[in-house]
Amino acid sequence: MTRVARGPVRKLGAKDRLVSPAEQLIERGYEPKALARVIAAALHFDFDGDKEAVEVQSYIKEHGMEDAICHFTGTEKGGKLYTLIEEALKA
C-alpha cells in the first residue's frame, strides 16, 4: 500500500496523474468521482517514511484541508473538481 501511495505531492500536481485527467474529464462533461476519491485518499496518506506525505500532513495541520486541496491540486475553491474532492473527503 505505501509503495503505491508514496509521493503524494507529485501525484496531486495540477498537471500530473490524478488532477489532470480529472480536469480533462470535467471539460468533457463527466464527473470524475472515482478520481476525486483517489485524490482525497492521497490527501489523507500519512506515512512518516515518505517526505511528501509528511509535507502534506504538515500543511493540512497548519492551513486546513480546504487550503490544502487548492495548494496541492491547483484547483480553485468552489470549482467542480474541488467540490468533488470535498464530497469525497466527507464520505
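Which side chain does Lys 77 meet in a salt bridge? I looked this up in the model, which is a predicted one. The partner is Glu 66, at 2.8 Å from N to O.

**Entry 1: the Lys 77 pair.** I checked where the two ends sit. Lys 77 is in the loop between α6 and α7, and Glu 66 is in helix α6, 11 residues apart. Then I looked at accessibility. Lys 77 counts as exposed because its relative accessibility is 55%, over the 50% cut-off. Glu 66, at 38%, counts as partly exposed.

**Entry 2: other salt bridges.** I get a count of four salt bridges. One of them pairs Glu 31 with Lys 80, with the closest N and O atoms 2.5 Å apart. That pair links distant parts of the chain: Glu 31 lies in the loop between α3 and α4, Lys 80 in helix α7, and 49 residues separate them. Both ends come out as partly exposed, Glu 31 with a relative accessible area of 42% and Lys 80 at 38% relative accessibility.

I also followed the shared partners.

Asp 16 and Arg 17 make another pair, at 3.8 Å from N to O. Asp 16 is partly exposed at 27% relative accessibility, and Arg 17 is partly exposed at 47%.

**Entry 3: α4 against α7.** Next I turned to the helices. The axes of α4 (residues 33–44) and α7 (residues 80–90) come within 8 Å and cross at roughly 65°. I noted the crossing as right-handed. On the α4 side the contact residues include Lys 33, Ala 36, Ile 39 and Leu 43, and on the α7 side they include Leu 81, Leu 84 and Ile 85. By class I have nine nonpolar, one polar and two charged residues in this contact.

**Entry 4: the core.** Which residues have the most contacts inside the largest nonpolar core? I have Leu 12, Ile 39, Leu 43, Ile 69, Phe 72, Leu 81 and Ile 85, in a core of 22 residues. Helices α3 (19–27), α4, α5 (51–63), α6 (65–73) and α7 each put in at least two residues. The biggest contributor is α7, with six.

**Entry 5: Ile 85.** Setting aside neighbours within four places in sequence, I find Ile 85 in contact with Ala 36, Ile 39, Ala 40, Leu 43, Ile 69 and Thr 73. Of these, Ile 39, Leu 43 and Ile 69 are also on my list of core residues with the most contacts.

Note on methods
Residues numbered from 1 in each chain as written. Predicted model: local features only at pLDDT ≥ 70, side-chain atom pairs only at ≥ 80, totals over all residues. Heavy atoms only, no water. Axes fitted to C-alpha atoms, helices over the stretch in contact; angles between N-to-C directions. Helix = DSSP H or I, 4+ residues; strand = E, 2+ residues; numbered from the N terminus. Left-handed = near helix turned anticlockwise from the far one by under 90°. Contact = heavy atoms within 4.5 Å. Nonpolar A, V, L, I, M, F, W, Y, C, P; charged D, E, K, R; others polar. Core = buried A, V, L, I, M, F, W, Y, C linked by side-chain atoms within 4.5 Å. Buried < 20%, exposed > 50% of the residue type's maximum accessible area, 1.4 Å probe, protein only.
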